[in-house]
Amino acid sequence: MNTQDLLNQIAFIKEIDKVKYIQRKTKLFNSDRCENDAEHSWHLALMAIVLAEHSNEPIDVLKVVKMVLIHDIVEIDAGDVFIYDTVKSHDNTDEERLAANRIFGLLPKNQAEKLIAIWEEFEAGETNEAKFARSMDRLEPLLQNTSNNGGTWKEFGVTYDKVYAKKSVIKNGSTSLWNYAEGLINESVEKGILKKE
């Protein structure tokens with residue numbers, strides 16, 4: 001056993017506890033409490049397991065689970081940027097890259113490199129696994145907002161066009177889940193919980 005590797009791994013485990021304190025804008029299902037990043041990542045992991053059969057292409061489910069569990073760890077340093085933020089881009093990759101190097105860099109080199117590679121794959125969104133993982137990341141808040149009568153859409157004045165544009169990424173990983181999501185978006189307009197411009 002390499003004692004230094006173990007100490008590095010424990011340091012990483014302690015550091016990622018901070019994910020539990022990162023508040024997202026989206027509220028839990030049928031709730032007024034904001035979700036935290038740890039809850040979000042856990043939920044996506046279970047969604048990936050349960051919904052894997054709906055992927056457009058065959059996927060390595062364990063790899064998808066790893067992606068969704070680590071994708072927001074960088075927010076410990078970079079912070080959570082609201083997907084509909086009008087000031088700061090949701091794709092703050094420079095800050096996130098620094099955060100990934102620092103946080104994953106706490107691990108032994110081999111583990112750090114593997115997790116950074118998985119995080120980069122998710123960010124690029126090009127592989128079947130990344131496309132499906134990103135579908136989960138966009139579907140969960142949609143389900144939350146529809147359960148909360150518009151949730152953050154109402155709270156922050158987010159319109160149909162913005163929601164449709166951001167959520168259409170779902171179809172890259174799953175056409176069937178996109179068809180369901182698109183139906184929810186249109187139903188939300190009909191119910192008056194999502195406004196068209």
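Is W178 buried or exposed, and what is its relative accessible area? I found W178 to be buried, at a relative accessible area of 5%. I use buried for under 20% relative accessible area, exposed for over 50% and partly exposed for what lies in between, with a 1.4 Å probe and protein chains only.

**Basis of the entries.** I worked from a predicted model, in which local features need pLDDT of at least 70 and side-chain atom pairs count only at pLDDT 80 or more, while totals for chains, interfaces and linings use all residues. Residues are numbered from 1 along each chain as its sequence is written, and side-chain values use heavy atoms, with hydrogens and water left out.

**Aromatic pairs.** I looked up the ring pairs and found three in the structure. Rings of Phe, Tyr and Trp (for Trp, the six-membered ring) pair if their centres lie within 6.5 Å; planes under 30 degrees apart count as stacked, over 60 as edge-to-face and the rest as tilted. Y164 and W178 make an edge-to-face pair, with 5.2 Å from centre to centre and 80° between the planes. This pair links distant parts of the chain, as Y164 belongs to helix α9 and W178 to helix α11, 14 residues apart. I take helices (H or I, at least four residues) and strands (E, at least two) as DSSP runs, numbered from the N terminus. Y164 counts as partly exposed because its relative accessibility is 23%. I also noted that ring pairs join Y160, Y164 and W178 into a cluster.

**Charges over rings.** I then searched for charged ends over rings, which requires NZ of Lys or CZ of Arg within 6 Å of the ring centre and within 35 degrees of the ring normal. K196 has its charged end over the ring of Y160, 4.5 Å from the centre. R134 lies over the face of F122, and its distance from the ring centre is 5.6 Å.

**Nonpolar core.** How many residues does the largest nonpolar core have? I recorded 45 residues, and those with the most contacts inside this core are I73, F104, F132, M136 and L139. Helices α2 (37-51), α3 (61-70), α5 (93-104), α6 (109-124), α7 (128-147), α9 (160-167) and α11 (175-191) each supply at least two residues of this core. Such a core is a set of buried Ala, Val, Leu, Ile, Met, Phe, Trp, Tyr and Cys residues joined through side-chain atoms within 4.5 Å. In soluble globular proteins, nonpolar side chains tend to be buried together. I listed the contacts of F104, not counting residues up to four places away in sequence: F12, I70, I73, A99, A112, L115, I116 and W119. Contact here means heavy atoms within 4.5 Å.

**Largest pocket.** Which residues lie nearest the centre of the largest pocket? They are F12, I16, I70, I73 and L115, out of 19 lining residues. The elements that give two or more residues to this lining are α1 (3-16), α2, α3 and α6. The largest share, four residues, comes from α6. I noted about 420 Å³ of space in this pocket. On a 1 Å grid over the protein atoms alone, where a 1.4 Å probe fits, a pocket is an open set of points with protein on both sides within 12 Å along at least five of seven lines; lining residues have an atom within 4 Å of a point. Grid points are joined across faces, edges and corners, and the volume is the space filled by probe spheres set on the points.

**Strand β1.** R24 is in strand β1 (residues 23-27) and is buried, with a relative accessible area of 11%. Leaving aside neighbours within four places in sequence, R24 contacts C34, E35, N36, D37, H40, D72, D80, E140 and P141. K27 also lies in strand β1, and K27 counts as buried because its relative accessibility is 15%. With the neighbours within four places left aside, the contacts of K27 are D32, R33, C34, E35, Q144, N148 and E155.

**Positive phi.** N30 has a phi near 50°, a positive value in a residue other than glycine. N30 sits in the loop between β1 and β2 (34-36) and is exposed at 63% relative accessibility. Phi of N149 is likewise positive, near 50°. N149 is in the loop between α7 and α8 (151-156), and N149 counts as exposed at 51% relative accessibility.
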